[in-house]
Amino acid sequence: MSDLATRDRGALMFVPRSPFLIWLNLAITLVVAAIGFGLGFAQGVSAQTVILYTVASVAVLFWVLNYIAVVFEARQERVVTAKEDEAAEPRSAAGARGLWRGNRVLIIVMALMLIAYLILAASLPSFRTVPNLIAFLLLEGIMIFAFKVSRVFVHGRSAVIGLVVLGALIVISSFAIHGFLSGANIKAVLLFAAFLGIACVGQTLVALLGGLDLSIPFVIGAANIGLLYLIGLGVPSWLALAIVLVIGAGIGFLNGVLSYRLQGQALILTLGMGFSVAGLTQILTSIGSTFSGNVFGTVPPWLQNLAAMNGVTFGLQVPPTIFLWILLAIIVIVALRYSAYGRYIYALGGNRRSARLMGISEFKYWTLAYLISGCFASLTGALLLGWSGGGFIGVGDPYLFTTLAAVVIGGTSLVGGYGGYGFTIIGVLVLQVLSSFLIGIGLKYEWQQFIFGLLILPMVALYGRAPHIRSQI
């Protein structure tokens, strides 16, 4: 095959052999496209036209730059022998495949971020600002840095990526949003992170065993209105709280028993259990009332102080819930790392057959994990009652997705055996800081859900690529 034929075919494939040239071309393309995107809106061009030209310019510019790179590489290789030329095409194809295989998650993440930015800018005129454009470009660069640096770490790769992304979000938010690092905003972020973090305790334990608990948001809502209903009946508040926690633990235990007996059906079973619990709670609390799903009453002052923004802890203007979360986090992390319970959880999640041969009761620890999940979901519902001051069955709805997202983004494997609550804390903080940033730039809840969805998909792909621990035993 002649040198000219090899060069022309390589140009048509527009895949340079050098990964550096490919990443350089991609970076140049994104920067130029982003600038053109911003200028298009600045000049008053319609959103559909701007998006169409942006997509077309990305495709054309990336192809042209790669074509130039391929031609440049071909000119540098004119002195190779004919035999080496015959082997050049397979090597080039293998190099392209290797580049995709080694960076597929990063490429997908960058593409999804670009799609999210284009949709946001096209839909929200207030989003079309230079600081937001700069923030987007910085996030793209930081994601590349995080993925590349994380490869140095054999263990804890997800934690490295999460910490880098968390730091980047904090820095970008502090520049893009006035008052983001103020004491009041930091307190708000930590308080809502505490609610989510407490709800994620059980989800983390269940995920370490290879299960899922989708009843958490429904138990939260049921506990929220159930606690206020009991208080309204004259039950002492501390006793009402104890009753709600016990009922939540009982629901979790039932989830554990049924899902253990019906292996592989935990997702549907817990979701159905959640609907049943929420419906039954509304039926019981609406007897003699026309306000189904809502309970009105007076929240005890101690519960308000526990979870409200103006709560005080030993004279400090910090809600006690934040310190409660820190204490629970320490206990859970230490228990998973040093106790027999933690070792058995990892053993069962890693390889159930081997764990059973060691005499570990799978039924015992499976049901205990779900029991803990139900108890902490109830606790979250009670704390949210203190924060809001009123009972509402839908208060737990946002936690259907965010508890799972926090666990996955933190890096805990959904097939069990790897991760931990420390990883989940990173995921919780990433979600909460990102949520605060999105709210700060004026996005509504549905936009937050959309972006969270784009975030969780590549994370599942990233952590799902690693071989499971049971395949390494």
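Is Phe 314 buried or exposed, and at what relative accessibility? At 85% relative accessibility, Phe 314 counts as exposed, where exposed means over 50% relative accessible area, buried under 20% and partly exposed in between, with a 1.4 Å probe and protein chains only.

The views below show a predicted model, in which local features need pLDDT of at least 70 and side-chain atom pairs count only at pLDDT 80 or more, whereas totals for chains, interfaces and linings use all residues. Residues are numbered from 1 along each chain as its sequence is written, and side-chain values use heavy atoms, with hydrogens and water left out.

**View 1. The protein as a whole.** The protein has 18 helices and two strands, these being DSSP runs numbered from the N terminus, with helices (H or I) of at least four residues and strands (E) of at least two. Of its 473 residues, 49% are buried. The accessible surface comes to about 22200 Å², and 72% of that area belongs to carbon and sulfur atoms; accessible areas come from the Shrake-Rupley method with a 1.4 Å probe, and for residues only the protein chains shown count as cover. Among contacts between residues at least 6 apart in sequence, 76% join residues at least 24 apart, a contact meaning heavy atoms within 4.5 Å.

**View 2. The loop between H11 and H12, at Phe 314.** Phe 314 is found in the loop between H11 and H12, and it has a positive phi of about 50 degrees although it is not a glycine. Most residues other than glycine have a negative phi.

View 3. The 19 residues of H12 should span 27 Å at 1.5 Å a residue, and the end C-alpha atoms are 27 Å apart, which agrees; the expected span is 1.5 Å times one less than the number of residues. Buried residues of H12 are Pro 320, Thr 321, Ile 322, Trp 325, Leu 328, Ala 329, Val 332 and Leu 336, and what covers them includes H7, H11, helix H13 (340-350), H15 and H17. On the surface, Leu 316, Phe 323, Ile 326, Ile 330, Val 334 and Tyr 338 form a nonpolar patch with about 580 Å² of accessible area together. Such patches are made of residues with over 30% relative accessible area and no salt bridge, with like charges joined within 9 Å and nonpolar side chains (Val, Leu, Ile, Met, Phe, Trp, Tyr) within 5 Å; a salt bridge is a side-chain nitrogen of Lys or Arg within 4 Å of a carboxyl oxygen of Asp or Glu. Tyr 338, which lies in helix H12 (residues 320-338), counts as exposed at 56% relative accessibility.

**View 4. Helix H7 and its kink.** Helix H7 (residues 183-208) has 26 residues, which should span 38 Å at 1.5 Å a residue, and its end C-alpha atoms are 35 Å apart, which agrees. A kink of about 35 degrees is centred on Cys 200, the bend at a residue being the angle between axes fitted to the seven residues ending there and the seven starting there. Because 20 of its 26 residues are buried, H7 is largely enclosed by the rest of the structure.

View 5. Ala 193, in helix H7, is buried with a relative accessible area of 0%. Not counting residues up to four places away in sequence, Ala 193 touches Trp 325, Val 428, Leu 429 and Gln 432; Leu 429 is 236 residues from Ala 193 in sequence and 6.3 Å away, C-alpha to C-alpha. Leu 205, also found in helix H7, is buried with a relative accessible area of 4%, and with the limit of four places in sequence applied it touches Leu 336, Tyr 341, Ala 369 and Ile 372.

View 6. Leu 414 is found in the loop between helix H16 (399-410) and helix H17 (421-440), and at 30% relative accessibility it counts as partly exposed. Leaving aside neighbours within four places in sequence, Leu 414 is in contact with Ala 207, Gly 210, Leu 212, Leu 404 and Val 408.
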